[in-house]
Amino acid sequence: MKDTAKHQGLRNQLVSVLEQKGITDKNVLEAIKKIPRHLFLDSSFEDYAYQDKAFPIGAGQTISQPYTVAFQSQLLEVKKEDKILEIGTGSGYQTAVLCTMGAKVYSVERQNELFKKTTNLFPKLNIRPKHTSFGDGYKGLPNYAPFDSIIVTAGAPIIPKPLMAQLKIGGRLVIPLGEDVQIMTLLVRINETQFEKHEFGEFRFVPLLEDKN
């Protein structure tokens, strides 16, 4: 679990790349500067950990490209103590970014292999999500709702209704919508029944699957 000055230098370079690509949220950039992304990857990818690329992490899943993580995090407009529901813990990297930004993160993962791996990793890196669970992301976590914001880290064909219901009024839901290519979509809850929808161009994600395996 080594994090060296060389790694820090590579992170600083990555942050410059993200700034060039249009990420402006200082809290997002600070978090990316701090988090040892190489420790979330298989060691065979360590040399590439700070390139702006996605990598496989097992169970047919990927760790998202840093730009995508930064972009989704920026759309959430995270404030300290925000209660955030994350659908798809995956490698735990996005979780780490949100925790480092001061959010209280409730994360759900449906791949048991990844769930176990990530649950072991967090304490070693001193990352403390409020709650992690093995379950079906489509259902969210009704027992902990409502949430200030919700982030979905897999491509979804539709916006799951339970997630919309678990968002508080004024809250933000960020979800990549679509089958092969996804459109990054932001829903802002205006009142009990109305949501405002914004779209932010194409991204590629692994699919959001129902039920856990």
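Start by selecting Asp42, which lies in the loop between α2 and β1. The model is predicted, with pLDDT of at least 70 needed for local features and 80 or more for side-chain atom pairs, while totals for chains, interfaces and linings use all residues. Residues are numbered from 1 along each chain as its sequence is written, and side-chain values use heavy atoms, with hydrogens and water left out. Helices (H or I, at least four residues) and strands (E, at least two) are DSSP runs, numbered from the N terminus.

Asp42 is partly exposed, at 34% relative accessibility; buried means under 20% relative accessible area, exposed over 50%, and partly exposed in between (1.4 Å probe, protein chains only). Now show what surrounds Asp42. Not counting residues up to four places away in sequence, Asp42 touches Pro56 and Lys117, where contact means heavy atoms within 4.5 Å. The side chains of Asp42 and Lys117 make a polar contact of 3.5 Å. A polar contact is a pair of N or O atoms within 3.5 Å; within protein, one must be able to donate a hydrogen and the other to accept it, and residues adjacent in sequence count only if both atoms are side-chain atoms.

Is His38 buried or exposed? His38 is buried, with a relative accessible area of 4%. Its side chain is joined to that of His7 by a polar contact of 3.4 Å. Beyond neighbours within four places in sequence, the contacts of His38 include Lys2, Arg11, Glu46 and Tyr50.

Then select helix α1 (residues 5-20) and helix α2 (residues 26-34), whose axes come within 8 Å and cross at roughly 155 degrees. This makes α1 roughly antiparallel to α2, a term for angles over 145 degrees. Colour the residues that meet: among them are Leu14, Val15 and Leu18 in α1, and Leu29 and Ile32 in α2. By class, this contact of α1 with α2 has five nonpolar, two polar and five charged residues. Nonpolar covers Ala, Val, Leu, Ile, Met, Phe, Trp, Tyr, Cys and Pro; charged covers Asp, Glu, Lys and Arg; the others, Gly among them, are polar.

Finally, go to Thr132 in strand β5 (residues 131-134). Thr132 is partly exposed, at 25% relative accessible area, and touches Ser107, Phe115, Thr119 and Phe122, leaving out residues up to four places away in sequence.

Notes:
Axes are lines fitted to C-alpha atoms, for helices over the stretch in contact, and angles run from 0 to 180 degrees between N-to-C directions. Angles under 35 degrees count as roughly parallel, over 145 as roughly antiparallel, 65 to 115 as roughly perpendicular and the rest as oblique.
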